[in-house]
2 protein chains.
Amino acid sequence: MSMTTNFTINKSELKSLIGPGKIFFRDDPEFDETTFLSFGTDRTKVYQPDFDILAFPTTTEEVAKIIKYAYENEISIVPSGGRTGYAGGAIAKNKELVLSLSKMDKVLDFDPFFGSIKVQAGMITKNLHKEAEEKNFYFPVDFASTGSSQIGGNIATNAGGVRVVHYGLIRQWVLGLTVVTGTGEILEFNGEVLKNNTGYDLKQLFIGSEGTLGVITEATLKLTTKPLDSRVLLVAVSDFASILSLFQETHLVKVPLLAFEFFTEYCLGKVKSHLGIPDPFQSPSPYYVLMEFEIADESDDEKLFGFLETITEKGLIVDGSLAQNSRQSETFWKYREGISESISIEYTVHKNDISLPLRNMEPFLVDMKSLLNGKYPGFEIALFGHVGDGNLHLNIVKPKDLSNEDFFKKCKEVDPDMFRLLQKYHGSISAEHGIGLLKKDFLHFSRTQAEIILMKEIKKSMDPKNIMNPGKVF
Amino acid sequence: MSMTTNFTINKSELKSLIGPGKIFFRDDPEFDETTFLSFGTDRTKVYQPDFDILAFPTTTEEVAKIIKYAYENEISIVPSGGRTGYAGGAIAKNKELVLSLSKMDKVLDFDPFFGSIKVQAGMITKNLHKEAEEKNFYFPVDFASTGSSQIGGNIATNAGGVRVVHYGLIRQWVLGLTVVTGTGEILEFNGEVLKNNTGYDLKQLFIGSEGTLGVITEATLKLTTKPLDSRVLLVAVSDFASILSLFQETHLVKVPLLAFEFFTEYCLGKVKSHLGIPDPFQSPSPYYVLMEFEIADESDDEKLFGFLETITEKGLIVDGSLAQNSRQSETFWKYREGISESISIEYTVHKNDISLPLRNMEPFLVDMKSLLNGKYPGFEIALFGHVGDGNLHLNIVKPKDLSNEDFFKKCKEVDPDMFRLLQKYHGSISAEHGIGLLKKDFLHFSRTQAEIILMKEIKKSMDPKNIMNPGKVF
């Protein structure tokens, strides 16, 4: 089972494992305590990191050496990427060895014909975007933390972002992976071909595995081409059902839909007051939807005007505005992207990142509101998200008169009630954030016992001593 | 290990398992021998079916009852779909029980907002296309045998087709699966949500598993919208390198590319003489490329004219023609789609469905030709395929003066040599067709020993008695 650092470890033996300047101990002068510990934590801020060994390998072979040593000496390992997660997946709190991918950030290969790139897993996502653009291509997985997140972590958590409705999750862009399993074995899955129907597609297991099967060290990614231009449409909607009908209508516009986001009047209010920006429309509405379309020329613009006319005539919107220029597009996006920040500045919130079949969203929200009204009066919900993907951010806002301690205690009671509702409506307790430590106890609401047993058997086949991120996910 | 029918089986016990008229024995009068045996064979025509029990369950629960019985009585099972495969994956030649999904062809559910449909796995692919169209949507996985193939078989073999370059393989369109494992346990993977980051995505293992982990009984599929119209462009090319540059250029046209197919002068000659259609261009060229683009309006057409101009100016093509109407489009497609039929009518061929990184295709083909010239003089290659996906159909044509027996014996010698070349150039020995029985002995050219061991362990976790399609894939 889960193991902690074996104190018989020979420090100099470990340090010499992959050459000088690559393995550090907590008492080394190279790092102050805060910086050192930051490599074993993430954005949850709930768990206290506690570990003594920090490794910075530079190649897959060095990763294999470290894991082989860890396997032989029964040392647990926490892979450390950009540490931008919200589920505690990258927390090292049990004296694990923290294996940072930060020094593995090189481009390894590029195919200009097919449009694919092979990189080391520690490459910052933003840098991959740059590399792709320099090569006249585009890597479409994009979200707020790409300036810090790493591509390996993105894959290990099957990252999504704001344009999933068009480009899908990162799973769709992974051609091949090089990984090191929990025995220190290097496996290369699939190389760089698009088609390879030769048995089980094992790389799929690593996508979203949160470091529990091994370490992703290299990835070959499919690239696409950059959208020429885009147009943002912001609309005000009077009821939730209209949001779904609106999404249905977008299937019929022959202009590619890049994003379909929504937020409530409550969220808009917080953004307005925090950022000091005006109301988008004359009268308030309970819901707002932001749509972004890829446009190539004027004829696409005409189609969007036609679309705006259609949804107005059908009574699906009460007001709507097509951004006239990129500055207005940015403003429209601010209403949506400013929400998290605006709320968390002024309030304490309990975050939930859930998903549901679109048609079940409304009954779920009705049940959820009556749950809160009944059991937790005074709790308000900040509701927004990638509604086109079935993905809701349901953040519970702490009432002013409740202490933080009491609030989080009550949230711990709300969670299982909400997860039961999600189960009833065939939803998922984690759309994008993953399970990590934070939702481990609730995994059974989204996965059956039989599935959890299968996952454990699969883990055992690649990590027989359970040294890879032990205690995470299940 | 692999088991055959246990002769102590109580026929009436088995017949009564899922109600009358659903389980048949070889000597029952309901089926003549040929029809009966056709349920345990596919299009390879290499293997002789030999089995005595044929089941037609109508629900997942009935499939579970059969497999539970088979598990307890150690009877092997071959899942039987549309039997359009080319790898021997659906062959029952060792007295297995053949489990046909043909009576499981219902639509179970539909979400008009998100655009997803849940069907039983025995639904004929063409019927799914119809169902989707009636609902104003489109299911984009399309290929020659969709009139017979079933959606469950498509998923079990990760089917592709002619528009993979735009829509990807079927893997990309599967939201959820219901399966029955080798113990008779029913598992529901993922339901219908797009985002569900809660541990390993187990359904991915079943996609492309060729029936070796269990039976896929139900599938929830993502739908899209139908392309409004399309335009076919046929060009003549003087060298292979230009094909790749041409593909690279298509990344820059802002009109969606639906297909990028190629064929050689040799293939064109066979199609012309078999179908009696004229040359597409005045002078012959060594290679031809067929491109299909989705067009929404005149401005897209203008872009395509611009594209044709660009590739002409850059010297990438020697001649080119944009289809002026749908009839001409059909003719252009005939040059490509008539190849298999035209060649197999007049010649005996040894088929290969391989894939390669695009940039490695040319050196591979050079090596392959020198291999054939050296060791097998007189062997000609009919080369065509989905070159945009890295997928080549490399069919070796039997010289007239060689007997069938000698030809196939020689082909058995060629295969490993070719697979070694594929390995050298990081290709796959099976792009779309799968492994089945036909390529089982060569799996190691595309997958490492460590991967094969992992696959076996995964199989054991879901099919501990190895009763699910034993002897296939590995």
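1. Salt bridges first: the term here means a side-chain nitrogen of Lys or Arg within 4 Å of a carboxyl oxygen of Asp or Glu. B:K95 and B:D50 make one through their side chains, at 3.3 Å from N to O. The pair links distant parts of the chain, 45 residues apart, with B:K95 in the loop between β3 (77–80) and β4 (97–100) of chain B and B:D50 in the loop between α2 (33–38) and β2 (53–55) of chain B. B:K95 has 23% relative accessibility and counts as partly exposed; B:D50, at 27%, also counts as partly exposed.

2. Some housekeeping. This is a predicted model, in which local features need pLDDT of at least 70 and side-chain atom pairs count only at pLDDT 80 or more, while totals for chains, interfaces and linings use all residues. Residues are numbered from 1 along each chain as its sequence is written, chains are lettered from A in the order in which they are written, and side-chain values use heavy atoms, with hydrogens and water left out. Helices (H or I, at least four residues) and strands (E, at least two) are DSSP runs, numbered from the N terminus. Buried means under 20% relative accessible area, exposed over 50%, and partly exposed in between (1.4 Å probe, protein chains only).

3. Now the interface. 84 residues of chain A are in contact with 84 residues of chain B, contact being heavy atoms within 4.5 Å. The two chains bury about 6900 Å² between them, 57% of it on carbon and sulfur atoms; buried area is the accessible area (1.4 Å probe) that two parts lose on being put together, summed over both. A:K195, A:N197 and A:Y200 supply 15% of what chain A buries against chain B, more than any other three residues.

4. B:R359 and A:E192 form a salt bridge at 3.0 Å, N to O. Another joins B:D297 and A:K303 at 3.2 Å, N to O. This pair crosses between chains, from the loop between β12 and α10 of chain B, where B:D297 sits, to A:K303 in helix α10 of chain A. A:K303 is partly exposed, with a relative accessible area of 23%.

5. Helix α10 of chain B (residues 298–313) deserves a look. Its 16 residues reach 23 Å from first C-alpha to last, close to the 22 Å expected at 1.5 Å a residue, where the expected span is 1.5 Å times one less than the number of residues. B:S299, B:D300, B:D301, B:L304, B:F307, B:L308 and B:I311 are buried. Their cover includes α10 (298–313) of chain A, together with β10 (229–237), α8 (240–250), β12 (287–295) and β13 (319–322) of chain B. Just after the helix, B:G315 takes a positive phi of about 70°.

6. A:T250, in helix α8, counts as buried at 5% relative accessibility; leaving aside neighbours within four places in sequence, A:T250 is in contact with A:L257, A:F260, A:M291 and A:F307. A:F419, in helix α14 (residues 404–424), counts as buried at 1%.
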